[in-house]
Amino acid sequence: MAETRVDSIERDVAEVLVSKEEIMAAVERIGKAVTEDFRGESLIVIGILKGAFAFMADLIQAIDLPMEIDFMDVSSYGTSTTSSGEVRILKDLSTTVEGKSVLIVEDIVDTGLTLSYLTKVMESRGVKKVAIATLLTKPSRRERAVNVDYVGYEVADKFVVGYGIDFAEKYRNLPYVGVLKPEVYEK
Ligand code: XMP
Ligand code: MG
């Protein structure tokens with residue numbers, strides 16, 4: 001039984017916040033909306049590593065349009081559970097975005113620092129338009145106004161893991177979004 005296995009990651013989960021079924025419903029809903037909104041555009045979908053990789057993989061398959069994909073790795077968090085307040089580009093795009101319509105795919109919008117920065121970066125590179133899709137948002141934590149065009153679910157101000165989102169680089173492979181037991185953070 002999974003519950004009794006010492007190496008099971010599920011035993012560290014206190015609560016499931018967004019189930020696999022709810023995630024896939026959001027993927028379908030956002031995929032359809034993007035398909036309508038970007039028809040006829042030169043679309044490039046940019047996933048923000050590492051947290052957005054799972055959502056990105058599912059979302060692009062729900063968008064029925066020609067597209068390019070690329071990734072950026074941006075850091076506003078270390079391995080701690082609080083924001084450092086600064087944004088750094090750790091890995092930049094390998095393609096050009098000039099004149100293209102950009103959809104940025106993010107796992108979770110928290111303070112808004114990362115996406116307000118990235119939106120400015122895209123605009124400075126001469127994109128035609130830029131839109132944002134995020135699986136999760138924590139509106140109560142917002143410090144910078146960001147125009148998030150497509151949102152999966154709003155979540156409370158809890159540190160979440162799973163479906164790409166980590167705690168200290170672990171738990172990204174949980175098939176749902178959840179909250180860890182307090183003792184896991186204290187280890
Ligand atoms: P900002 O504050 O710039 O943050 O909007 C966006 C990034 O912060 C990370 N983040 C989290 N990561 N659990 C995590 O593992 C969380 O609850 C959480 N909240 C924010 C996330 O990587 C996002 O890209
Ligand atoms: Mg993260």
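**Confidence.** I checked pLDDT, the predictor's confidence in each residue, from 0 to 100. The chain averages 93, and 93% of the residues score at least 70. For the complex, the predictor gives an ipTM of 0.92 and a pTM of 0.92.

**Ground rules.** This is a predicted model, where local features need pLDDT of at least 70, side-chain atom pairs count only at pLDDT 80 or more, and totals for chains, interfaces and linings use all residues. Residues are numbered from 1 along each chain as its sequence is written, while chains are lettered from A and ligands numbered from 1 in the order in which they are written.

**Overall layout.** I looked up the helices (H or I, at least four residues) and strands (E, at least two), which are DSSP runs numbered from the N terminus. The chain has four helices and nine strands. Along the sequence they come as β-α-β-α-β-β-β-α-β-β-β-β-α. The radius of gyration is 17 Å, close to the 16 Å that the globule rule gives for 187 residues, so the chain is as compact as a globular protein of that length. (The radius is taken over C-alpha atoms, and the rule is 2.2 Å times the number of residues to the power 0.38.) I also noted the box that the C-alpha atoms fill, roughly 55 × 35 × 30 Å along the principal axes.

Two residues are in contact if their C-beta atoms, placed from the backbone, lie within 7 Å. Among contacts between residues at least 6 apart in sequence, 67% join residues at least 24 apart. For burial I count other C-beta atoms, placed from the backbone, within 10 Å of a residue's own: 20 or more is buried, 12 or fewer is exposed, and in between is partly exposed. Buried residues make up 33% of the 187.

**The core.** A nonpolar core is a set of buried Ala, Val, Leu, Ile, Met, Phe, Trp, Tyr and Cys residues joined through C-beta atoms within 7 Å. The largest one here has 45 residues, and F55, L59, V102, L103, I104 and V105 touch the most other members. Helix α2 has A54, F55, M56 and L59 buried. The buried residues of α2 pack against α1 (20-37), β2, β5 and β6 (129-137).

**Around ligand 1.** Here a residue is near if its C-beta atom, placed from the backbone, lies within 6 Å of the molecule. Which of the 20 residues around ligand 1 come nearest? They are G51, D110, T111, L113 and T114. The elements giving two or more residues to this shell are β3 (68-77), β5 (101-109), α3 (113-124) and β8 (160-161). β5 has the largest share, four residues. By type, the shell divides into ten nonpolar, six polar and four charged. (Nonpolar is Ala, Val, Leu, Ile, Met, Phe, Trp, Tyr, Cys and Pro; charged is Asp, Glu, Lys and Arg; the others, Gly among them, are polar.)

G112 sits in the loop between β5 and α3. It counts as buried because it has 20 C-beta neighbours inside 10 Å. G112 and R144 are 32 residues apart in sequence, yet 5.1 Å apart in space, C-alpha to C-alpha. T137 is in strand β6, and is buried, with 21 other C-beta atoms within 10 Å. Not counting residues up to four places away in sequence, T137 touches I108, V109, V148, V151 and E154.

A cis peptide bond joins L49 and K50, with omega about -10°. K50 lies in the loop between β2 (43-49) and α2 (53-61). Then I found Y163, which has a positive phi of about 50° although it is not a glycine. E169 also has a positive phi, about 70°, and is not a glycine. Y163 is in the loop between β8 and β9 (177-180), and E169 lies in the loop between β8 and β9. Buried or exposed? Y163 is buried, with 26 C-beta neighbours inside 10 Å, whereas E169 is exposed, with 8 other C-beta atoms within 10 Å.
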